[in-house]
Amino acid sequence: MTDVDVLPAAEAGGRAAPRYDGLTITFHWVTALLVVSLFALAELWGFVPKKMPLRHEMISLHVSLGVLLAVVYLLRVLWRRSASRHLPPADRGLQHVAARLVHIGFYVLLAVQVTLGFLFAWAKGAIGVFGLFSIASPVTVGRVAHHWIAALHDDVAWVIIILAGGHAMMALAHHYVIRDRVLHRMLPVAAGR
Ligand code: HEM
Ligand code: HEM
């Protein structure tokens, strides 16, 4: 692990602050893009009449992107627990604790949501992935369970999106209000200020 936790916390937002490694940054933004796309698709297909093929295509795309999210999530966890770069906390005290809880919350909620999504999809049959292959269900999901899974999948989706909104606002506040380099260290390209 290339930990740089030895750096004083004061440097976390300072000019000398290093950035996350490329793979961590890639996993972060691919995850964010997938989560927002999955949510947007699910909210939009509600406006498409049930008989239209477009609605089914949107649901198929949602499921395929969901499988992609599961793969990205597993790789991300493996990477974050092995050779990835860990930076000193961006905040102190309670703010640091809150930020840590939000990050851990994302990992827990995404694992729960992906599991619910797979069960939801398997309740309807095998999971088709971009029309390339399908994953047969290893479980039988009854009608009552199906109902609860559907409700929970929707609730967890909203919790993730609201949390992501707060998290993004904090990142933007660091950039535009506190004017430190916390956002820069997660950006794909190094930007100077
Ligand atoms: C659904 C969307 C998002 C999820 C699930 C998410 C999740 C995470 C997680 C888990 C971390 C901890 C680092 C890691 O383990 O990789 C993190 C860090 C970070 N995220 Fe996000 N994020 C999302 C969207 C955003 C957006 C939209 C922004 C900016 C506008 C942003 C800015 C940051 C920054 C700057 C950090 C580094 C914070 C630090 O170094 O303490 N994230 N994010
Ligand atoms: C963060 C990730 C995800 C978000 C934000 C999300 C969000 C949603 C939302 C809001 C709905 C509509 C729920 C309703 O109205 O009852 C939905 C439905 C669904 N999701 Fe997800 N989802 C995610 C991941 C997944 C995954 C990983 C899978 C499976 C691989 C999946 C499979 C499904 C299925 C099968 C439906 C029902 C489609 C239908 O109505 O026939 N989702 N999702």
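**Ligand shells and a helix pair**

Mentor: First, this is a predicted model: local features need pLDDT of at least 70, side-chain atom pairs count only at pLDDT 80 or more, and totals for chains, interfaces and linings use all residues. Residues are numbered from 1 along each chain as its sequence is written, with chains lettered from A and ligands numbered from 1 in the order in which they are written.

Trainee: Which residues come nearest to ligand 1?
Mentor: Ala32, Ala164, Ala168, Ala171 and Met186, out of 20 around it; a residue is near if its C-beta atom, placed from the backbone, lies within 6 Å.

Trainee: And which helices each supply at least two residues of that shell?
Mentor: α1 (22-44), α3 (93-122) and α4 (143-178). Helices are DSSP runs of H or I, at least four residues, numbered from the N terminus.

Trainee: Now ligand 2. What comes nearest there?
Mentor: Ala42, Gly66, Gly117, Ala121 and Ala157, of 24 residues around ligand 2. The elements giving two or more residues to that shell are α1, α2 (53-80), α3 and α4.

Trainee: Back to helices. How do α3 and α4 pack?
Mentor: At an angle of about 150°, with their axes 9 Å apart; axes are lines fitted to C-alpha atoms over the stretch in contact, and angles run from 0 to 180 degrees between N-to-C directions. The pair is therefore roughly antiparallel, a label for angles over 145 degrees.

Trainee: Which residues meet?
Mentor: Among them, Val102, Gly105 and Phe106 in α3, and Ile149, Ala150 and Leu152 in α4. Contact requires C-beta atoms, placed from the backbone, within 7 Å.

Terms used: Angles under 35 degrees count as roughly parallel, over 145 as roughly antiparallel, 65 to 115 as roughly perpendicular and the rest as oblique. Two residues are in contact if their C-beta atoms, placed from the backbone, lie within 7 Å.
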